[in-house]
Amino acid sequence: MDNDNLSAVGRDILLSGRTRLCLALPYLSGPLCALVPQSGDGVTTGAATDGENLYYNAAYLASGFLRSERFASRLTLHTVLHCMFRHLAKRRGRDAVLWDLACDAAVESVIDALPYACLAEKAVPAKGLFLSECRREMKVLSAEGIYRILLRERPPAYRIASLQRLFAMDDHGLWDLEEKRDRERSERQDRAWQDAASRARTALDSLVAEQGSGGEGMTEQLSVAARDDVDYRKFLRRFAAPREVLRADGDAFDYIYYTYGLTRYGNMPLIEPPETREEKRIEDFVIAIDTSMSTSGLLVREFLASTYAILRNTDSFTRKLNIHILQCDDQLRSDRKITSLEELRRYMEDLTLSGGSATDFRPVFEHVDRLVKEGSFANLRGLLYFTDGMGIYPTKRPDYEVAFILLEEPPLSVKMPSWAIRIMPDLPWRRPRESFDEFWQEEILQELPEL
């Protein structure tokens, strides 16, 4: 069979599987038809996607179809769910091998739970065992949660390979190309899939309510996929307090009296513009760093550098700061007072972490409460805690806002207090770098072109 005929056969197999899916899952008809089938010579497995096209390997599809008529349906749904769960866009800053495995496991857990003949396959005990172990730590088997488990356990190569054989179906090689494309185009595509996930979730909610089964796992994961990422820059401005700054206040200036004086008396206005105005500025806040075994010096320095760039590149900060940077594992290790952005820059460049024991958040809050009573802060608005989220929390809510800047979503067994603000920002420090100098050159200097 020549290449053209083989490609046509592969396309027919793919479209046949998609038709069966549309009949079984009508609420996914739009996303299933969003990917345009294209013959791809470089695809190593049945199919691959860049978020816009569905590239297929015709010979692989034909071989899989001979083994099972359900192969094409599972493969198509597997690939489309990657897009709907926004796995392509969320790959940035993560270990590619572990993230790909986590995404495949999360998608397969959803497909296995769907009660449709076109997706049914013989149960694989090893597959179910791994998913059961993951469910002990999380309510929703999301890619983020599974990735966190893999990252913590760092399984050996043979274990990763065996799990890949269980869960992998499509080729993720084009995901790297998606990361390197024009950023605006990638963001537009991600928003389109986010909207598709939201619409599918709305339709699926009604179906699950009527039937009572057969879609709960997909509903939960679609809810995670449709959730917006926190804008760390905007959140940081919540710590701003009203301050009087030396700047003309145009809103409080009456131009009528000003122009009347110029008209009546020549060059003598009756009033002058106010020389000061009230603005919200960041002055007093606390940065706490978890120095247990879960954090590294490079990650902390990159987090501080991103915070520095945000403050330095906006009008939200005062020239004189009052920032306390605390280091703590199971006890308070250090308290460094920062009074200017230049001090913050020197601190992060010469950072040395102290600690390495278990995590206990309570000493930080006890110390900050003591500083407040001693009058060390004029108007403390909040505390940023850079951590993995796993530790002992205080039971009493403090008088200021507290945001936990999380490296990853903590396991289900960790009960964070209701007053804690959980943030997993999509910032440059979440992307791997070889050194702080590389991070500073590639990311921070772009934010600070004047330096």
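Biologist: Over the face of which residue does R67 lie?
Modeller: R67 lies over the face of F71, at 5.8 Å from the ring centre. A charge counts as sitting over a ring if NZ of Lys or CZ of Arg is within 6 Å of the ring centre and within 35 degrees of the ring normal. This is a predicted model, in which local features need pLDDT of at least 70 and side-chain atom pairs count only at pLDDT 80 or more, while totals for chains, interfaces and linings use all residues. Residues are numbered from 1 along each chain as its sequence is written, and side-chain values use heavy atoms, with hydrogens and water left out.

Biologist: How many helices and strands does the chain have?
Modeller: The chain has 17 helices and 10 strands. Helices (H or I, at least four residues) and strands (E, at least two) are DSSP runs numbered from the N terminus.

Biologist: And what share of the residues counts as buried?
Modeller: Of the 451 residues of the chain, 51% count as buried. Buried means under 20% relative accessible area, exposed over 50%, and partly exposed in between, with a 1.4 Å probe and protein chains only.

Biologist: Turning to the helices, at what angle do the axes of α5 and α6 cross?
Modeller: The axes of α5 (residues 96–112) and α6 (residues 125–135) cross at roughly 105 degrees and come within 11 Å. The axes are lines fitted to C-alpha atoms, for helices over the stretch in contact, and angles run from 0 to 180 degrees between N-to-C directions. The two helices, α5 and α6, are therefore roughly perpendicular to each other. Angles under 35 degrees count as roughly parallel, over 145 as roughly antiparallel, 65 to 115 as roughly perpendicular, and the rest as oblique.

Biologist: Which residues make the contact?
Modeller: On α5 they are A105, E108, S109 and D112, and on α6 they are K127, F130, L131 and R135. Contact means heavy atoms within 4.5 Å. By class, three of these residues are nonpolar, one is polar and four are charged. Ala, Val, Leu, Ile, Met, Phe, Trp, Tyr, Cys and Pro count as nonpolar, Asp, Glu, Lys and Arg as charged, and the others, Gly among them, as polar.

Biologist: Is I111 buried or exposed?
Modeller: I111, in helix α5, is buried, with a relative accessible area of 1%.

Biologist: What does I111 touch?
Modeller: Not counting residues up to four places away in sequence, I111 touches R74, L77, H78, L81 and L119. I111 and L77 are 34 residues apart in sequence and 7.9 Å apart in space, C-alpha to C-alpha.

Biologist: A change of topic: what is the phi of R86?
Modeller: R86 has a positive phi of about 60 degrees although it is not a glycine. R86 lies in the loop between α4 (71–84) and α5, and R86 is buried, with a relative accessible area of 6%.

Biologist: And which aromatic rings form a cluster?
Modeller: Ring pairs link F361, F365, Y385, Y393, F404 and W419 into a cluster. Rings of Phe, Tyr and Trp (its six-membered ring) pair if their centres lie within 6.5 Å; planes under 30 degrees apart count as stacked, over 60 as edge-to-face, and the rest as tilted.

Biologist: How many aromatic pairs are there by that rule?
Modeller: The count comes to 10 aromatic pairs. One of them, F361 with Y393, is tilted, at 4.5 Å centre to centre and 40 degrees between the planes. F361 lies in the loop between α15 (341–349) and α16 (362–373), and Y393 lies in the loop between β8 (382–387) and β9 (401–406), 32 residues apart. Both F361 and Y393 are buried. F361 also pairs edge-to-face with F404, at 5.4 Å centre to centre and 70 degrees between the planes.
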